[in-house]
Structures are given as structure tokens and as C-alpha cells.
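Biologist: Could you walk me through how the words we use for a structure follow from the numbers?

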Amino acid sequence: MSDIKASDIEIAIASYFNPRQNLIVPNISWGMGLHECDVLIASALGYLTEIEIKISAADLKKDAMKRHGHYDRMGRIKKLYFAMPKKLTHLCEYVPERAGILSYYIDDDGNEQLKEVRPARANKKARPLTEKEMYEMARLGAMRIWGLKRKIKDLQERKYVRH
């Protein structure tokens, strides 16, 4: 696998953080009163972890200029991680000091791996989500399913209909 895509890293993140134990929702850009989050994870106790995915050095450097700095004005994000291909982990000076670093790579057996190379510093003042916020996050995640099912159906129909 030569070209790593954000979706490759998203899938590895979901596996790493275990969707059986945590609520994991990709691409939250509205509905939670947050900045755009590549992946948002809520623990069973309602604490949030944000994962910012970077697939290129330029993307990583550009992120360092974002005004929001991956802070939540409502104090809900407990941990922040940057997930990136292993070849970018040497560029840690572009990652906020409080953020952990997750390295994505393919091992010698061809298996996709995600490894924590720097732990995230927990925001000790972070508050858990309210029941209403947890519901909203789950609703946003469930909405994604139907768009994906539509895409799968459309792809299947195109495969069987030849012009």
C-alpha cells in the first residue's frame, strides 16, 4: 500500500479505540458546537477524545495555523491526538505539545497498525458530555450510516448495470 488515505487511518482508529467500548464518530463538522473534528470519541463516561488525521507534511504544517487550536470552548475535549503515517511522526514540532501522536503503518505481515508514539496530556478540567450531548453525537454517527448505505447501493447497482 503506497498511498495512505485518511479513510485508512480512520478505520485503524476505530479498531484501536474499540467501537464496542466507545462511541466513535468520524467527520463531525456541525451539531456538537465544536470545530471540525476528523474523529470524535466518547468514552462510556462521556469524556471526549479528538483525533486529528494528517496524511501529508503540508497538511500537518497548515494545521498548526488553525485559529481554534483544537480547543473546545465548552471544555468537553479531554484528550487530543494527531494520527498520521509513520513517515510523518518526525514532524512532531507541528503537533501541539498537549496532543498525543498515533503512528499508522503496515507491518511486515501486511497488517494495518496504529501505535501510540506520544501520549496525550489529559485536560483535567474537561467535563463529560451531558446525556443530550451524548445523544446528539450518537445521532450524528447514525446519520452517517444511511449516506454510506446509499453509496454502497449505488456502487452495487452501477456494477450490475453495464452501458
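Predicted model: local features only at pLDDT ≥ 70, side-chain atom pairs only at ≥ 80, totals over all residues.

Biologist: Let's start with Glu 52, in strand β3. Why is Glu 52 called buried?

Modeller: Its relative accessible area is 2%.

Biologist: What makes the pairing of Glu 52 with Lys 54 a polar contact?

Modeller: Their side chains come to 2.8 Å, and the cut-off is within 3.5 Å for a pair of N or O atoms. Among the residues that Glu 52 also touches, leaving aside neighbours within four places in sequence, are Asp 63, Lys 66 and His 70.

Biologist: On to the rings. Why are Tyr 16 and Phe 17 called an edge-to-face pair?

Modeller: Their centres are 5.0 Å apart, and rings pair if the centres lie within 6.5 Å.

Biologist: How do you know which label, buried or partly exposed, goes to Tyr 16 and which to Phe 17?

Modeller: Tyr 16 has 37% relative accessibility, which falls between 20% and 50%, so Tyr 16 is partly exposed. Phe 17 has 15%, which is under 20%, so Phe 17 is buried.

Biologist: And what makes us say that the charged end of Lys 78 sits over the ring of Tyr 47?

Modeller: The distance to the ring centre is 4.3 Å, where the limit is within 6 Å, together with an angle condition. Lys 86 likewise has its charged end over the ring of Tyr 105, 5.0 Å from the centre.

How values were computed
Residues numbered from 1 in each chain as written. Heavy atoms only, no water. Helix = DSSP H or I, 4+ residues; strand = E, 2+ residues; numbered from the N terminus. Buried < 20%, exposed > 50% of the residue type's maximum accessible area, 1.4 Å probe, protein only. Polar contact = N/O pair within 3.5 Å; in protein donor to acceptor, adjacent residues only side chain to side chain. Contact = heavy atoms within 4.5 Å. Phe/Tyr/Trp six-rings, centres within 6.5 Å; stacked < 30°, edge-to-face > 60°. Lys NZ or Arg CZ within 6 Å of the ring centre and 35° of its normal.
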